[in-house]
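Thanks for coming. Please have the model open.

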Amino acid sequence: MRDRSPTVKLVIAGLIGLVLLIPIIMVYDLVNDRQNQARIAESTITAGAGGSQVVSTPILAVPYLAQKQVPVLVDGKSVMQTQQVRSEILIAPVQHSLETQLDTERKKKAIYETVFFSADMAGQARFELPDDLSGYDVTRDQLVLSEARLRFGVSDARGLRGGAKASLGGEAVELSPGQRARGEGSGFHGTYDWSEGDALDLEYSYTLRGSRSLSLAPEGGDTRWNVTSSWQHPGFEGRYLPDTSDISDEGFSANWSIGTLAIGQGPADGPADEAEAELERRMMSEYGAVEEASNVAWATIALVEPGDIYSQVDRSVKYGFLFIGFTFLAFLLFDVIGGARVAAAEYLLTGAGLVLFFVLLLAFAEVAGFALAYLIASAAIIGLLTAYSAAVLGGWKRAGFIGGLLTALYAGLYVLMSLEEASLIVGSVAMFFALAGVMYATRNLDWSQAVREPGEPLEA
């Protein structure tokens, strides 16, 4: 390679750069693997306290009896017979307000750490029996109001703590586990004699532990949700975003006001018989946890980790080819313009050092944090490649240029990652000026010059 034309040298350097894409992709896979291991470790840490939690608006489930045609076997033949079937109609509150105090704490296992929350929930709701039930194929005479059940939906009941209380019409309701509100995991419930059918006011409170996120699935009428917390980095997701939010160094507060029209569901829903409910329970059990379900119908607060090292290292790896490209370009210019003689193996070893940076960054970031790991890894690689360049390029002056280039690259990458939204425009402008500099430096170079004969002196 040392005595070839500049064009051939450029092609060979480019091919070596492409070969180095393979270890970069392997490093990218390593980051994903370590991230998955971290998620498994977090799940182990949160196993006894609950994961991401989804709570739903409390509802009243009122059973009723109806006559339905069902298939039965008679003398080996399937015939339709009329039988009495027990179903239920679900009544959501016409108004619901919920106050949540969200306290957080960190727990660590080995090198992995996750965030827990403890949510103190205090709510009020008002239930009204619809005057006209004809739209639900139910009459008031069919309702068994004395066996109404108040249901609270909670996705992961492991997070429930003692002290849950509920009262309907000023009368305390004895609460029992199970019977979720609708489709949100499990929950708890209580039975209430609603024989009079008058409007009911509900007051309730309970404490729920979980991790990563807390969501509310609103039902029925107007819903208001007010949340305060000392957590400084909330993420608001789902279909419903807060009307107002205030985020500061002391924490955050957020307020939702979700109307019936936005929810797209009236205060009464049904009917749903026991067979349909059992089928839904089986599907929820077989086809995934709440974290895998769609959260588009929820108002969600995510406890965002601003220092997620894996996402930061992942972003760094995506810039890996730029590091290789700029460094190889500097070597090539010293070769074809400055007279240095750079072999293919020397390009390959230099590229290996640049790829090693990302492995070092990942390894140190898991124990020391991203910023310190970035400083350690970049200093090690800059020192290594600067010393190697002194031998390859024939002097410390040229090696100093490589060291300065690498320092600028690593500093620039850190700045780009910090800018986030502006990183694309800043990076593209920097590449424009870099390309302009290369064009200027090579403006008088004859890329198709003949191969240098042995013994012919180098041109500086």
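Start at Val429, which lies in helix 10; helices here are DSSP runs of H or I with at least four residues, strands are runs of E with at least two, and both are numbered from the N terminus. Before going on, the provenance: this is a predicted model, where local features need pLDDT of at least 70, side-chain atom pairs count only at pLDDT 80 or more, and totals for chains, interfaces and linings use all residues. Residues are numbered from 1 along each chain as its sequence is written, and side-chain values use heavy atoms, with hydrogens and water left out.

Is Val429 buried, partly exposed or exposed? Val429 counts as partly exposed because its relative accessibility is 39%; buried means under 20% relative accessible area, exposed over 50%, and partly exposed in between, with a 1.4 Å probe and protein chains only.

Val429 belongs to a nonpolar surface patch, together with Val415, Leu419, Ile425, Val426, Phe432 and Phe433. A patch takes residues with over 30% relative accessible area and no salt bridge, and joins nonpolar side chains (Val, Leu, Ile, Met, Phe, Trp, Tyr) within 5 Å, or like charges within 9 Å. A salt bridge is a side-chain nitrogen of Lys or Arg within 4 Å of a carboxyl oxygen of Asp or Glu. The accessible area of the patch is about 660 Å² together, by the Shrake-Rupley method with a 1.4 Å probe, where for residues only the protein chains shown count as cover. Helix 10 gives the most, with five residues.

UniProt, in an unreviewed entry, places "transmembrane region" at several spans, among them 7-28, 347-365 and 423-442; such annotations may be inferred rather than shown by experiment. In the model, residues 7-28 are 95% helix, with end C-alpha atoms 31 Å apart. Residues 347-365 are 100% helix, and their end C-alpha atoms lie 28 Å apart.

Now to His96, in strand 4, residues 95-109. His96 counts as buried because its relative accessibility is 3%. Which side chain makes a polar contact with the side chain of His96? That of Tyr204, at 2.7 Å; a polar contact is a pair of N or O atoms within 3.5 Å, where within protein one must be able to donate a hydrogen and the other to accept it, and residues adjacent in sequence count only if both atoms are side-chain atoms. Leaving out residues up to four places away in sequence, His96 also touches others, including Asp222 and Arg224, contact being heavy atoms within 4.5 Å.

Finally, the whole chain: ten helices and 18 strands, with 42% of the 460 residues buried.
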